[in-house]
Amino acid sequence: MGLNDTPSANRLHIGFFGCRNAGKSSVVNAITGQELAVVSDTLGTTTDPVMKAMELLPLGPVMIIDTPGFDDEGELGELRVKKTKDILNRTDIALLVVDATAGMKETDQQLVDIFDEKKIPYLVVKNKVDLLSEEVTSGMAKKENEIFVSALTGEGIQACKERIGKMVAVEDMKLQIVGDLIQPSDFVVLVVPIDEAAPKGRLILPQQQTIRDILEAGATAIVVKDTELEETLKNPGKKPAMVITDSQVFGSVSPMVPVEIPLTSFSILMARYKGYLETAVKGVTAVETLKDGDRVLISEGCSHHRQCGDIGSVKIPAWLKKYTGKELEIELSSGRDFPEDLSPYALVIHCGGCMLNEREVKYRMKSAMDQGVPFTNYGITIAYMKGILKRSVEVIPGVREMV
């Protein structure tokens, strides 16, 4: 992925939901102007969620998601409905596509109830208006969150796109990772260890995103390995405005960085960017109350081949057991495989969440909190166990006062 590519986690996720044969896929194709989804009169043509990253004016980079019918039946149908429910956990805007000739069904109302429960902004798109007479449509009472369209003729499609564009809060499109914490002409040192667990020939996504954010702020990014940091900081001239490190080398990096230079990590900045840093700072203190036999879930938003020095499956479990002195049961989850029932766990330690959009990360956090399970993340946990948590969040207003 290049620095100019917009990661899927940073794209607005727009999900299309509804009953079978309501015309969801046809509406998707009409709104995107592309043949993204297979269209057929046969019930249940869409059998799995179809996702497509694209540019959609006036919104910009978005992720379009076409889902199976929510009224699907049978054993396979139940699995498809479950997949649709999973999609809801990462949907920023929901479009409920309804067959205007049939009206709202009980299943449609169930979806509306889920939208309300999950606080997902939604628009009811009444499709197939071309099959109704003008007399019938003019007599229909339109609610504020409804719009009439025809995927076949294109009627109402542009108006629908404009309505979607107005459902996005302007401030949500201006989130920054670190840009608001630095000034133009500052220079920031990024510490990136290169070991057996590092991807060959590329930087990981949080590192790419942070570099881009620094450049957009008019500042300069200097990237060094942890083994070169001390020499870099000795160079005369302008003092770095901040040092941002990979969390796994927090312990060795901290002594090298003078106390007057702010120090934090990619993982901590990502937790802030995704909106769960405060919860993570509060949740990490549960490390102190862990007992022999407690189960700890270590969860990553991405799926990758785990190396011998993997941070989630090797390093954090080892540090955690050493710090607590307890015999802990460590369980791992990755990608979309996040347990619904978190009650068996004494603590959830999540990655920064760079591969997940903000809504899905917050869903995971809320699931833990609702079940009374402390929730924190990699960077916060490592900084806490290394005794440098206060320093690592000192640069972040509103959080530094919590430690």
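Start with the open sheet of 4 strands, ordered β8-β7-β9-β10 and paired in parallel. Strands here are DSSP runs of E with at least two residues, and helices are runs of H or I with at least four, both numbered from the N terminus. Two strands pair if DSSP finds at least two bridges between them. This is a predicted model: local features need pLDDT of at least 70, side-chain atom pairs count only at pLDDT 80 or more, and totals for chains, interfaces and linings use all residues. Residues are numbered from 1 along each chain as its sequence is written, and side-chain values use heavy atoms, with hydrogens and water left out.

Axes are lines fitted to C-alpha atoms, for helices over the stretch in contact; angles run from 0 to 180 degrees between N-to-C directions.

Pick T245: its bridge partner in β10 is S265.

**Helix α9 and its neighbour**

Show α9 next. It packs on the sheet and touches β7 (187-191), β9 and β10. Contact means heavy atoms within 4.5 Å. The direction of α9 makes about 70° with that of β10.

Bring in α6 (residues 205-216) beside α9 (residues 266-274). Their axes come within 10 Å and cross at roughly 75°. That makes α6 roughly perpendicular to α9; the term covers 65 to 115 degrees, while under 35 is roughly parallel, over 145 roughly antiparallel and the rest oblique. Show side chains for P206, Q207, Q209 and T210 of α6, then F266, M270 and Y273 of α9; these make the contact.

Stay on α6 and select L215. L215 is partly exposed, at 48% relative accessible area. Buried means under 20%, exposed over 50%, and partly exposed in between (1.4 Å probe, protein chains only). Draw a C-alpha distance from L215 to S185: 9.7 Å, across 30 residues of chain.

**Strand β13**

Jump to β13 (residues 347-350). L347 and I349 point one way, V348 and H350 the other, and all are buried. Strand β11 (residues 295-300) pairs with β13 in the parallel sense over 4 bridges. There, S299 has H350 as its bridge partner. Strand β14 (residues 375-377) also pairs with β13 in the parallel sense, over 3 bridges. I349 stands opposite T376 of β14.
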